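Here are some exercises to work through with the structure on your screen. Try each task yourself, then follow the solution step by step.

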Amino acid sequence: MSDRSAAIAVLSRQRIELPSWAFGNSGTRFKVFAQKGVPRDPFEKIADAAQVHRYTGVAPTIALHIPWDKVDDYANLAAAAKDHGIELGTINANVFQDDDYRLGSLTNPDPRIRRKALDHLYECVDIMDETGSRDLKLWFSDGTNYPGQDSIRARQDRLADGLAAIYERLGEQQRLILEYKFFEPAFYTTDVPDWGTSFAHCTQLGDRAKVCVDTGHHAPGTNIEFIVAFLLRAGKLGAFDFNSRFYADDDLMVGAADPFQLFRILFEVRLGGGFAEDSGIAFMLDQCHNIEPKIPGQIRSVMNVQEATAKALLVDLDALAAAQDAGDVLGANEVLMDAYNTDVRLLLAQLREDQGIDPNPMRAYAASGYAQRVVAERIGGQQAGWGA
Ligand code: RM4
Ligand code: MN
């Protein structure tokens with residue numbers, strides 16, 4: 001098979017999961033800008049996510065965030081997703097938006113609050129049982145703001161205990177995905193600040209505990225593709241939360257700030273077997289569209305991932321290996337850059353046509369009139385947003 005047809009084979013089975021919260025209102029700690037036509041409940045978020053799938057063909061699942069997407073009947077929600085041609089995906093827990101969590105959730109010094117956090121995580125597993133979700137994604141805002149505030153070691157012990165309890169509760173087919181982030185909202189220590197901490201806890205837990213790499217959760221200059229290569233080699237890469245950052249955890253569209261970095265990451269995914277059908281890696285977006293329209297923002301992001309994937313798949317591995325073996329530094333670099341500098345937009349347009357969808361998803365969505373329709377229809381009620 002030529003590089004091109006091998007690339008097309010992978011691209012045609014690529015799947016990218018969408019975050020329900022990308023469709024709600026979001027903002028910074030300074031201001032949340034409300035947009036017209038924004039969903040008012042999880043059902044409307046599903047309808048919007050289905051639009052992204054409809055015009056890209058590669059985004060058939062939506063991740064939920066509990067309690068933001070809490071409903072009485074999850075079978076009903078799953079049925080609604082199915083009606084729209086998509087499915088429910090990862091369940092994201094939320095133990096960071098309650099007054100009780102001021103000093104932490106699973107690592108809180110107060111056992112009553114640790115118990116409350118654990119109960120929420122158990123509830124998330126119950127929901128997974130109803131939705132058929134495979135992954136429980138955990139991100140903890142836990143940490144401290146001042147030296148001496150709490151014992152770093154005791155907090156690690158509490159974290160390990162809490163994680164073990166939740167891991168124990170998972171079914172055979174379910175996984176615990178532990179996300180890390182180096183700071184914010186905690187400013188001095190964070191209890192899961194980096195991939196090493198997540199890796200160590202996941203290793204201790206067992207095979208069904210894996211690391212989530214949120215591309216926005218690193219210090220500036222961090223070599224994320226190295227982390228990806230390392231985790232893949234160790235069989236511990238469970239998921240991506242894709243987004244891009246300029247300064248902090250900006251949650252901007254993936255591939256917008258640094259498309260070259262996204263390419264380098266996806267090239268390591270390719271080398272590590274991450275595009276294999278049974279790799280088990282969840283490729284998810286974790287973004288907020290604060291000032292741009294949300295559905296097109298998600299469509300653009302999906303396309304950015306597709307473009308970077310296509311380029312990563314076009315790297316000539318034989319030529320690269322030959323140059324590497326010969327110690328040809330510039331030659332090896334050129335092989336990589338040749339692929340990166342290839343314009344893959346036509347290839348992807350062709351792929352979409354072959355799959356019976358419009359070659360230009362952005363244009364097709366804009367022409368559909370959906371945005372105008374929901375603005376007209378979604379009158380009254382409470383728009384979904386952070387904390388809503
Ligand atoms: C966190 C983290 C989580 C996401 C929340 C909304 O910073 O990235 O993955 O669920 O934000
Ligand atoms: Mn994330």
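**Exercise 1.** At roughly what angle do the axes of helix α5 (residues 152-169) and helix α6 (residues 195-205) cross? Then describe their contact.

*Solution.* Keep in mind that this is a predicted model.

- Step 1: The two axes come within 10 Å, and the crossing angle of α5 and α6 is roughly 45 degrees. That makes α5 oblique to α6, because angles under 35 degrees would count as roughly parallel and 65 to 115 as roughly perpendicular.
- Step 2: The crossing of α5 with α6 is right-handed.
- Step 3: On the α5 side, look for Gln 156, Leu 159, Ala 160, Leu 163, Ala 164 and Tyr 167; they meet Thr 197, His 201 and Leu 205 of α6.
- Step 4: Sorting these contact residues gives six nonpolar, three polar and no charged.

**Exercise 2.** Now try another helix pair: which residues of helix α1 meet which residues of helix α9?

*Solution.*

- Step 1: Find helix α1 (residues 3-13) and helix α9 (residues 294-313), whose axes come within 9 Å and cross at roughly 145 degrees.
- Step 2: This crossing of α1 and α9 is right-handed.
- Step 3: From α1 come Asp 3, Ala 7, Val 10 and Leu 11, and from α9 come Gln 306, Thr 309, Ala 310 and Leu 313.
- Step 4: The contact of α1 with α9 is made up of five nonpolar residues, two polar and one charged.

**Exercise 3.** Which residues coordinate the manganese ion (ligand 2), and why is the arrangement octahedral?

*Solution.*

- Step 1: The donor residues are Glu 179 (OE), Asp 214 (OD), Asp 241 (OD) and Asp 286 (OD), at 2.1 to 2.2 Å from the manganese ion.
- Step 2: There are six donor atoms, and they subtend angles of 73 to 164 degrees, so the arrangement is octahedral.
- Step 3: Along the sequence, the spacing of the donor residues reads E-x34-D-x26-D-x44-D. Distant parts of the chain are linked here: Glu 179 belongs to strand β6 (residues 175-179) and Asp 214 to strand β8 (residues 209-214), 35 residues apart.

**Exercise 4.** Which residues does the cis peptide bond with omega of about 10 degrees join, and where is the cis bond with omega near 15 degrees?

*Solution.*

- Step 1: Recall that most peptide bonds are trans, and that most residues other than glycine have a negative phi.
- Step 2: The bond with omega of about 10 degrees joins Glu 184 and Pro 185. Pro 185 sits in the loop between β6 and β7 (189-190).
- Step 3: Glu 184 lies in the loop between β6 and β7, and its phi is positive, near 80 degrees.
- Step 4: The bond with omega near 15 degrees runs from Ile 66 to Pro 67. Look for Pro 67 in the loop between β2 (61-66) and α3 (74-83).

Definitions and conventions: Residues numbered from 1 in each chain as written. Chains lettered and ligands numbered in written order. Predicted model: local features only at pLDDT ≥ 70, side-chain atom pairs only at ≥ 80, totals over all residues. Heavy atoms only, no water. Axes fitted to C-alpha atoms, helices over the stretch in contact; angles between N-to-C directions. Helix = DSSP H or I, 4+ residues; strand = E, 2+ residues; numbered from the N terminus. Parallel < 35°, antiparallel > 145°, perpendicular 65-115°, else oblique. Left-handed = near helix turned anticlockwise from the far one by under 90°. Contact = heavy atoms within 4.5 Å. Nonpolar A, V, L, I, M, F, W, Y, C, P; charged D, E, K, R; others polar. Donors = N, O, S within 2.8 Å, 3.2 Å for Na, K, Ca; no water. Tetrahedral: all angles 85-135°; square planar, octahedral: opposite > 155°, others 65-115°.
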